[in-house]
Structure formats: structure tokens, C-alpha cells
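Let's take a walk through a protein fold together, one piece at a time.

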Amino acid sequence: QALFADAELVFDALAARADVDRGRIVLVGRSLGSGVATYVASRREVAGVVLISPYDSMTALGQRHYPFLPVRLLLKHPFDSLARAPAISAPLLAIVGERDGIIPPEHSRRLFDAWGGPKRWISIPGAGHNDLGTQREFWEPIAEFLAERAR
């Protein structure tokens, strides 16, 4: 809850600045941060959302990685982005690594499929979780997405 509250506080402080065009704010979240960005997008109007290695929920990821544990009972913070996604109308750019073993693409895809607004999916062949940003194909779609929001 503290991460969510802090993210809303930062968003509101930036949006209130005279030198910031509130209508052009784009949220970016990577990995765990994708859950925070999704939360803020569900509570604030934004021009777009870039999610890098996003996940459907921490509960689903935990169950995948630890099938022998009662993850639903043990996990204090489920970060259930999947439940929030259908109500979000902001455009989405989702970028995933095809070989991501930490957040497998199918968890990202479930969130992407549930997203309520227009969306674009980028899967980078050969990329994993930690080397995604070093790939040549990573930055161009982000630059295009931001340029589209700036018009």
C-alpha cells in the first residue's frame, strides 16, 4: 500500500506543477514497478502506459515459481494488475523478453489481453528479464510511443 500511496503522491505533485502538461504524462513501470504503474493508471488519467516485463499478479507468478507452497495464503501483497487492467482506457505499450524466466511472457500476455485501452505488444527475441533494455529493439518502440503521446 505504501508503494501505491507514494506513486499517487508523486504523480499528483508532478501533475500540479506549472511546467508539466498533465495531459501528456506517461507512466513507465518495469517488473515490480509495472504493478505500481498499472495501479496509478487505474486511479489517474494518463496519456499512456509503458510496461516492461509486466505481470498479471504476484500471486500467479508465485504459484508458477513455487507450486508446492500455498502462495495465496502467504503473499501479503498480491499486486493484482490483472483485476485493474480492464478498466484502464489509457494506451498501453507492453515490452517483454521472449526468454524471460522471472516473468514469463504468458503472465505479461494475460495482463495485455485484459487491458481496456488500445495496446501494442513488443516481444524481443532472445531477451531475458535482466538484459531486455540492452537490446537494440527495445528503445525504438518506446520513443515512438512517447512521440505519439506528444502530438
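Which residues does Phe112 touch, not counting residues up to four places away in sequence? Keep that in mind while we sort out the ground rules. This is a predicted model, so local features need pLDDT of at least 70 and side-chain atom pairs count only at pLDDT 80 or more, while totals for chains, interfaces and linings use all residues. Residues are numbered from 1 along each chain as its sequence is written, and side-chain values use heavy atoms, with hydrogens and water left out.

Back to the question: Phe112 touches Leu92, Ala94, Lys119, Arg120 and Trp121, where contact means heavy atoms within 4.5 Å. Phe112 sits in helix 6. Helices (H or I, at least four residues) and strands (E, at least two) are DSSP runs, numbered from the N terminus. With a relative accessible area of 7%, Phe112 is buried; that word means under 20% relative accessible area, while exposed means over 50% and partly exposed is in between (1.4 Å probe, protein chains only). For a sense of distance, the C-alpha atoms of Phe112 and Phe138 are separated by 17 Å, and the two are 26 residues apart along the chain.

The arc is that of the directions from the helix axis to the C-beta atoms. Here's the general idea behind it: an α-helix has 3.6 residues a turn, so residues three or four places apart point the same way.

Four strands form an open sheet in the order 1-2-3-4, with parallel pairing; two strands pair if DSSP finds at least two bridges between them. At the edges you'll find strand 1 (26-30) and strand 4 (119-124), each pairing on one side only. Neighbouring strands are turned by 10° against each other on average, direction ignored. Such angles run from 0 to 180 degrees between N-to-C directions, and the axes are lines fitted to C-alpha atoms, for helices over the stretch in contact.

Let's zoom in on the pairs. Strand 1 and strand 2 pair in the parallel sense over five bridges, and Arg30 has Ile52 as its bridge partner in strand 2. Strand 2 (residues 48-52) pairs with strand 3 (residues 92-97) over four bridges, again parallel, and there Leu51 is partnered with Ala94 in strand 3.

Most residues other than glycine have a negative phi. Yet Ser31 has a positive phi of about 55°, and phi of Ser53 is near 55°.

Next, helix 7 (residues 136-150) lies across strand 1, strand 2, strand 3 and strand 4, running at about 170° to strand 2. Its buried residues are Phe138, Pro141, Ile142, Phe145 and Arg149. Seen down the axis of helix 7, they fall within an arc of 100°, so they line one face of the helix. The face turned away from that buried side carries the exposed residues Arg136, Trp139 and Glu140.

Finally, the inside. A nonpolar core is a set of buried Ala, Val, Leu, Ile, Met, Phe, Trp, Tyr and Cys residues joined through side-chain atoms within 4.5 Å. The largest one has 26 residues, and Phe11, Leu27, Val46, Val49, Leu51, Leu92 and Trp115 touch the most other members. Helix 2 gives the most to this core, with five residues. Apart from it lies another core, of eleven residues, among them Ile52, Leu93, Leu132 and Phe145.
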